[in-house]
Amino acid sequence: MESNCVQFLGNKTILITGAPGFLAKVLVEKILRLQPNVKKMYLLLRAADTKAAMQRLRSEVVEINLFKVLRNDLGEENLNDLVREKIVPVPGDISIHNLGVKDSDLLQRMWSEIDIVINIAATTNFDERYDIGLGINTFGALNVLNFAKKCVKGQLLLHVSTAYVCGENSGLFLEKPFTMGQTLSGDTKLDINVEFELMKQKLKELQHQDFSEQEISQSMKDLGMARAKVHGWPNTYVFTKAMGEMLVGKYRENLPLVIVRPTMITSTLAEPFPGWIEGLRTIDSVIVAYGKGRLKCFLADPNTVFDLIPADMVVNAMIATATAHSGETGIQTIYHVGSSFQNPVTFGQLHETAARYFTKKPLVARNGSPIIVTKGTLLSTMGQFSLYITLRYKLPLLILRLMNIIYPWSQGDKYNDDSRKIKLAMRLVDLYQPYLLFKGIFDDLNTESLRRRRQSIKELDGSFEFDPKSINWDDYMENTHIPGLITHVLKQ
């Protein structure tokens, strides 16, 4: 019997922002493979014109390895025909009014045809420039909402956020929406318009002074981090995403709104094949640095739960929530899509699995020799980490500096190189510390209720699995995720 989700997608016209990003591509591939009778997908891409948008669609979406299953099933020519028939690449930008779509005829056609709007577009840099973070994650979300409200057939806006809008607090985080002006610091009032004006004023001051583009960029990054911490968020990314949630929640009117909050998204568990991933995501930088023998110590509590969720499960949950709530006038529902409540995995487990994997199957150095890894040192507090770095690296660096002063010809640039590496490492630790020592668990009552409801009417088949309890973390990391990183990212 055909899944209700597959039926739902049939004859639908969908706008998807965020292509050609990682999650958007997994979603597009899934829809084409499971429901080729989808009426149309408009994909918003940053591009100068339609020709450039089509080129990005080809080179960064359809022609990549993610689509190999469809390519093998349909053949190259039939896949190209399906893409031409079903996908409309739209040059645009969510940070601009009407999503930056300049063709008035295309705009009218989109507003008259689109049933579902799925907003995945975001900048995910933790320390993004404040002007860019506000433009995309905050006011970009409002622009997508306003666009969706103009769609005469509009049945739903599905907005993808992040579970980490919760900030750094510990405990159980519920699937609750933000209220406008809510702050996590407890003693300040958040006014999004004031934040916008403050950003504009700072940018104007910088541009009128004799600063380089690099200096302006760094100042805007520093401003974003500072404003985030004033209001209780650890970085610009989650702060601007939280404000985006506030705006779409406040101004949705009667448009049905679903906000999906994934945790740390990892490689595909099953579809279209296990282990597909693009770029180093979340914990992957740590795994790769460890496999390359570069990570001798790390700030992490081995008992800290790392909330991971495979990309295909996130996409399955997104389609299931859209199926469940499309056309429900005036609703706003939040869904946590993660694993910490149902099937938690700790950093200690992940570390053990990575050590086991790279001991059995070491990466290969440039000279062709295997890279031998050691267990390494885990330090569970920032104080322990700082002390270790001081004794292990900073004191030798001071000695090297003295040697460089006394005998400047003997050490060359080694002091400067090592100093830069330590500064970079400390900056990365500063950025990632909120998640390395995070003590929160994400309640997923709404998501679990949706899973049970679908199971009770026999709608949850293998094609739309999003139950984290089905994941064996040791097996997934050792036989799917790490091999996927090596194949698709490191290309070894």
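Reader: Taking contact to mean heavy atoms within 4.5 Å, which residues does methionine 318 touch, not counting residues up to four places away in sequence?

Author: Methionine 318 touches Leu23, Leu27, Ile118, Ile120, Leu158, Val160 and Val260. This is a predicted model, in which local features need pLDDT of at least 70 and side-chain atom pairs count only at pLDDT 80 or more, while totals for chains, interfaces and linings use all residues. Residues are numbered from 1 along each chain as its sequence is written, and side-chain values use heavy atoms, with hydrogens and water left out.

Reader: Which residues touch the most other members of the largest nonpolar core?

Author: Ile16, Met41, Met318 and Phe358, in a core of 151 residues. A nonpolar core here is a set of buried Ala, Val, Leu, Ile, Met, Phe, Trp, Tyr and Cys residues joined through side-chain atoms within 4.5 Å. Buried means under 20% relative accessible area, exposed means over 50%, and partly exposed is in between, with a 1.4 Å probe and protein chains only.

Reader: And which helix gives the most to this core?

Author: Helix H7, residues 130–149, with 10 residues. Helices (H or I, at least four residues) and strands (E, at least two) are DSSP runs, numbered from the N terminus.

Reader: On to the sheet. What is the order of the 7 strands?

Author: E3-E2-E1-E4-E5-E7-E11, an open sheet with parallel pairing. Two strands pair if DSSP finds at least two bridges between them.

Reader: Which strands stand at the edges?

Author: Strand E3 (87–91) and strand E11 (332–337); each has a single partner strand, so one side of each is left without a neighbour in the sheet. On average, neighbouring strands are turned by 15° against each other, direction ignored.

Reader: What packs on the sheet, touching E3?

Author: Helix H6, residues 104–113, which also touches strand E1 (13–17) and strand E2 (40–45). The direction of H6 makes about 130° with that of E2. Axes are lines fitted to C-alpha atoms, for helices over the stretch in contact, and angles run from 0 to 180 degrees between N-to-C directions.

Reader: How many bridges join E5 to E7?

Author: 4 bridges join strand E5 (residues 156–160) to strand E7 (residues 257–262), and the two run parallel. Valine 160 has valine 260 as its bridge partner in E7. Val160 and Val260 are both among the contacts of methionine 318.

Reader: Charges next. How many salt bridges?

Author: The count comes to 25, where a salt bridge is a side-chain nitrogen of Lys or Arg within 4 Å of a carboxyl oxygen of Asp or Glu. One of them joins glutamate 278 and lysine 25, at 2.7 Å, N to O.

Reader: Where do glutamate 278 and lysine 25 lie?

Author: Glutamate 278 is in the loop between strand E8 (264–266) and helix H11 (284–291), and lysine 25 is in helix H2 (residues 22–34), so the pair ties together parts that are 253 residues apart in sequence.

Reader: Is lysine 25 buried or exposed?

Author: Lysine 25 is buried, with a relative accessible area of 3%. Glutamate 278 is partly exposed at 30%.

Reader: How far apart are glutamate 60 and arginine 56 in helix H3?

Author: They are 4 residues apart in helix H3 (residues 50–62), about one helical turn. Glutamate 60 is partly exposed at 29%, and arginine 56 is partly exposed at 23%.

Reader: Which residues are linked in a network of salt bridges?

Author: Asp444, Glu448, Arg451, Arg452, Asp467 and Lys469.

Reader: Last topic, rings. How many aromatic pairs?

Author: The structure holds 18. Rings of Phe, Tyr and Trp (its six-membered ring) pair if their centres lie within 6.5 Å; planes under 30 degrees apart count as stacked, over 60 as edge-to-face and the rest as tilted.

Reader: Why is the pair of tyrosine 164 and tyrosine 435 edge-to-face?

Author: Because their planes are at 85°, with the centres 5.1 Å apart. Tyrosine 164 is in the loop between E5 and strand E6 (171–173), and tyrosine 435 is in helix H16 (residues 414–436), 271 residues apart. Tyrosine 164 also pairs edge-to-face with phenylalanine 438, at 5.5 Å centre to centre and 70° between the planes. Both tyrosine 164 and phenylalanine 438 are buried.

Reader: Which residues form one aromatic cluster?

Author: Phe126, Tyr164, Phe173, Tyr237, Tyr435, Phe438 and Phe442.

Conventions. Contact = heavy atoms within 4.5 Å.
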